[in-house]
Amino acid sequence: MSMGHLAVIRVKLGKWNGMESDQSSRIFQVRVMSAVGKSTNIFWQECSVGKLDRQKLLKQKGCVVWITGLSGSGKSTLACTLSRELYSKGKLSYILDGDNVRHGLNKDLGFKAEDRAENIRRVGEVAKLFADAGLICIASLISPYRKDRDACRALLPDSNFIEVFMNMPLAVCEARDSKGLYKLARAGKIKGFTGIDDPYEPPLNCEIEIQEKGSVCPTPGDMAGEVVSYLEEKGYLQP
């Protein structure tokens with residue numbers, strides 16, 4: 001029984017408080033009070049419309065596509081192209097972009113190691129909710145630390161966490177530098193910049209790895225196509 005969920009108990013009515021009954025048994029649902037983190041005296045509220053109902057309505061299966069890699073590796077490009085491709089197929093997705101979430105949900109966080117960890121934890125929890133709603137949630141973040149990504153994976157049941165590693169060389173990412181961040185990091189104006197003076201820990205067992213082929217970067221359409229093919233193969237685009 002999960003903490004905070006309903007306990008389902010079958011009892012023999014003849015044995016319940018000494019009462020006799022012509023019914024052999026009955027199902028009782030007992031709401032269990034729980035404590036999670038600093039939250040105490042809380043209950044999990046179950047509803048009659050569940051994840052399977054929402055997936056049937058949307059004609060797809062909820063999951064999280066987690067795109068990780070260095071700044072400039074093409075994460076946002078892939079996320080937007082993938083979302084457009086899914087839209088063209090009549091599939092509903094939503095993008096959680098690393099910079100966008102820092103404009104609101106995570107605007108109170110900086111870039112120290114503990115803030116980065118909390119940033120990823122929050123996005124992981126939101127992504128879990130989107131997947132439970134039946135959407136294909138596309139999370140696009142540098143997410144440099146392996147343990148933080150693995151913690152997000154552990155939030156989701158049934159292996160619905162699809163890690164996409166944008167395995168692009170640092171030199172390629174730095175040459176792009178569309179935001180000018182590498183230049184600032186090299187000049188010492190940004191501290192703790194991933195790939196320069198802060199580490200990036202690559203995935204060990206990602207579902208999809210995207211990299212150069214013969215020193216040629218794949219096109220956005222090719223990258224999105226690879227992810228869509230995976231989703232189709234695993235049944236996420238079917239009800």
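Student: What do the buried residues of helix 2 pack against?

Tutor: They contact strand 5 (63–69), strand 6 (93–97), strand 7 (136–140), strand 8 (161–167), strand 9 (208–211) and helix 8 (220–233). Contact means heavy atoms within 4.5 Å. Helices (H or I, at least four residues) and strands (E, at least two) are DSSP runs, numbered from the N terminus. The model is predicted: local features need pLDDT of at least 70, side-chain atom pairs count only at pLDDT 80 or more, and totals for chains, interfaces and linings use all residues. Residues are numbered from 1 along each chain as its sequence is written, and side-chain values use heavy atoms, without hydrogens and water.

Student: Which residues of helix 2 are buried?

Tutor: Lys75, Leu78, Ala79, Leu82, Ser83 and Leu86. Buried means under 20% relative accessible area, exposed over 50%, partly exposed in between (1.4 Å probe, protein chains only).

Student: What puts them on the same side of helix 2?

Tutor: Their arc around the axis is only 130°, taken from the directions from the helix axis to the C-beta atoms. An α-helix has 3.6 residues a turn, so residues three or four places apart point the same way. On the other side, Arg84, Tyr87 and Ser88 are exposed.

Student: Why is Cys217 called partly exposed?

Tutor: Its relative accessibility is 27%, and partly exposed lies between the buried and exposed cut-offs. Cys152, at 4%, counts as buried.
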